[in-house]
Amino acid sequence: MPASTSKSLRVAVLADSDTRWKWGSLTANRISPADSDIRLDGYLLRGRATPTARQLEEVGVRADSLREVTGVEFLRAMEQEEYDVLVLALVGGAVQAMLHGLANLWQGRGRRPVVVTGYVGVVYEKLADGLLLRHGADLVLANSRQDADRFRAVYEGVGADAGSVTEVALPFLGGDTYTKNDPYTVVFAAQPSVPESRKDRTYLLNRLIGHARLHPDREVLLKLRSRPGEHTTHIEELPYQKLAQKTDLPANFRLVYGHMGEVLDRTDLLVTISSTAALESLHRRIPTVVLSDLGVREALGNHHFVGSGCLASWDQLDDGHQPLPDEEWVARQGVAADGSYETAFDMARARITGLLAAGELPPLRPYYTPVTAPGYLPGILARHHLGPDGSPLPGAPAADKEPSPVRQIVRRAARGAYRHGVQRVAPVIRRMGEL
């Protein structure tokens, strides 16, 4: 047997939720040079949204190792381990903290990993804030041509280097091009935090159930992100499961979990408020509707789909409306429905190959420093137990030993109490405050 010509590539992914683990781990595979034999180590940043075993299983990406860490524990692991590529799949503030922590850790060190970050989906809010918090990575990935243009404009507009912006596509697109199913299946892709109010969520659930009753020949599925007690990237205070418990459901209506790609395999019409699932659906050329019932508003995120040809209401869907997406809009969103998806990551692979070949890389230089943002940056770093220079603060959690069994139990209990507070106690307090 001939010797393998593939090169071993050690990649680490730090993620803080199930969605970001999915994006980070899939991105790591997409952007790695084609001739690489990847070893993928996963690190889950401890917090309210740390994914459960079920959520990790649903993503379907297998890591060679996987462990839960604090920010300081992760930095200490990076001191002990040698990686070629590091993917930061985190909320903006955590990305900024890790960039400063790594910059401090690697001070005076010639060889270091290529650092990559980006977004899990469409960017429709806090564009400048989120982008500047990600500045300093070697590659800041933009999931579409439109995002790449906007990212560069923001960086150049504040005098920051925009050379890190690299156009790719969403890493979880795929699957077969749409063909009709029997029975015809309508899927509503629910979101944890959009809309927020009980009134609006009850309205959407009732319209979905009403559509099932109006079309008994169709199968109508409510695709849920998480089971009660689990957290995703966003907090879900009013799970649809609980709202549905009080309703008499028709025989052709079901609640489903699982991998979005598998659900799309049997979907004839995808309906959502603003979920990234709409882009997955458009990639496959599945008829896709973004609901306008609650208005087209920035707070809902559906304003991103203005010009897409996908906006419609339940009244229109009940009457048999078939959406027709605008091809130019779709092309600018990184959906790659034209078959160009396989080449969407070529630029990122080429840049990473070049950086790895260079050997020594320059120090990480985020735009935010104690000089440019003295009233903002220290607070972001302190939340992750880091000082203004990126070094661990005294009393930060140690990483030289595994947590004791008692400490692990306390952590799990604390997370459970937090989730109970968010999902049960906080809504009650808010309702009392409205009386």
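Here are some questions and answers about this predicted model, each setting a value against the rule behind a word.

Q: What makes up the secondary structure of the protein chain?
A: The secondary structure of the chain comes to 15 helices and 13 strands. Buried residues make up 51% of its 435 residues.

Q: Why are helices H5 and H6 called roughly perpendicular to each other?
A: Let's start with the angle. H5 (residues 127-134) and H6 (residues 145-157) pack at about 75°, with their axes 10 Å apart. Angles from 65 to 115 degrees count as roughly perpendicular. The angle of H5 and H6 falls in that range, and they are therefore roughly perpendicular.

Q: What makes H4 and H5 roughly parallel?
A: Again, look at the angle. Helix H4 (residues 92-105) packs against H5 at about 20°, and their axes are 7 Å apart. Roughly parallel is the term for angles under 35 degrees, so H4 is roughly parallel to H5. The crossing of H4 and H5 is left-handed.

Q: Which residues make the contact of H4 with H5?
A: H4 brings Gly-92, Gly-93, Val-95, Gln-96 and Leu-99, while H5 brings Leu-132, Leu-133 and Arg-134. Sorted by kind, the residues of this contact are four nonpolar, three polar and one charged.

Q: Which residues of H5 are buried, and what covers them?
A: The buried residues of H5 are Gly-130, Leu-131, Leu-132, Leu-133 and Arg-134. Their cover includes H4, strand S5 (114-117), strand S6 (139-142), H6 and helix H14 (377-382).

Q: Why does Ala-244 count as buried?
A: Ala-244 has a relative accessibility of 5%. Buried means under 20%, so Ala-244 counts as buried. This residue is in helix H8 (residues 240-244). Leaving aside neighbours within four places in sequence, Ala-244 is in contact with Leu-205, Leu-249 and Leu-255. Ala-244 and Thr-202 are 42 residues apart in sequence, and their C-alpha atoms are 8.7 Å apart in space.

Q: Why is Lys-126 called exposed?
A: The relative accessible area of Lys-126 is 61%. Exposed means over 50%, so Lys-126 is exposed. Lys-126 is in the loop between S5 and H5. Its phi is near 50°, a positive value in a residue other than glycine.

Q: What makes His-385 partly exposed?
A: Here the value is 39% relative accessibility. Buried means under 20% and exposed means over 50%, with partly exposed in between, so His-385 counts as partly exposed. His-385 is in the loop between H14 and helix H15 (405-433). His-385 has a positive phi of about 60°, although it is not a glycine.

Q: What makes the aromatic pair of Tyr-341 and Phe-345 edge-to-face?
A: A search of the whole structure finds eight aromatic pairs, and one of them joins Tyr-341 and Phe-345. Their ring centres are 5.8 Å apart, with 85° between the planes. Ring centres within 6.5 Å make a pair, and planes over 60 degrees apart count as edge-to-face.

Q: What makes the pair of Tyr-367 and Tyr-368 tilted?
A: The angle between the planes of Tyr-367 and Tyr-368 is 50°, and the distance is 5.5 Å centre to centre. Planes under 30 degrees apart count as stacked, over 60 as edge-to-face and the rest as tilted. With 50° between the planes, the pair is tilted.

Q: Are Tyr-367 and Tyr-368 buried or partly exposed, and how do you know?
A: Tyr-367 has 24% relative accessibility, so Tyr-367 counts as partly exposed. Tyr-368 has a relative accessible area of 11%, so Tyr-368 is buried. The cut-off used here is 20%: buried means under it.

Terms used: Residues numbered from 1 in each chain as written. Predicted model: local features only at pLDDT ≥ 70, side-chain atom pairs only at ≥ 80, totals over all residues. Heavy atoms only, no water. Axes fitted to C-alpha atoms, helices over the stretch in contact; angles between N-to-C directions. Helix = DSSP H or I, 4+ residues; strand = E, 2+ residues; numbered from the N terminus. Parallel < 35°, antiparallel > 145°, perpendicular 65-115°, else oblique. Buried < 20%, exposed > 50% of the residue type's maximum accessible area, 1.4 Å probe, protein only. Contact = heavy atoms within 4.5 Å. Left-handed = near helix turned anticlockwise from the far one by under 90°. Nonpolar A, V, L, I, M, F, W, Y, C, P; charged D, E, K, R; others polar. Phe/Tyr/Trp six-rings, centres within 6.5 Å; stacked < 30°, edge-to-face > 60°.
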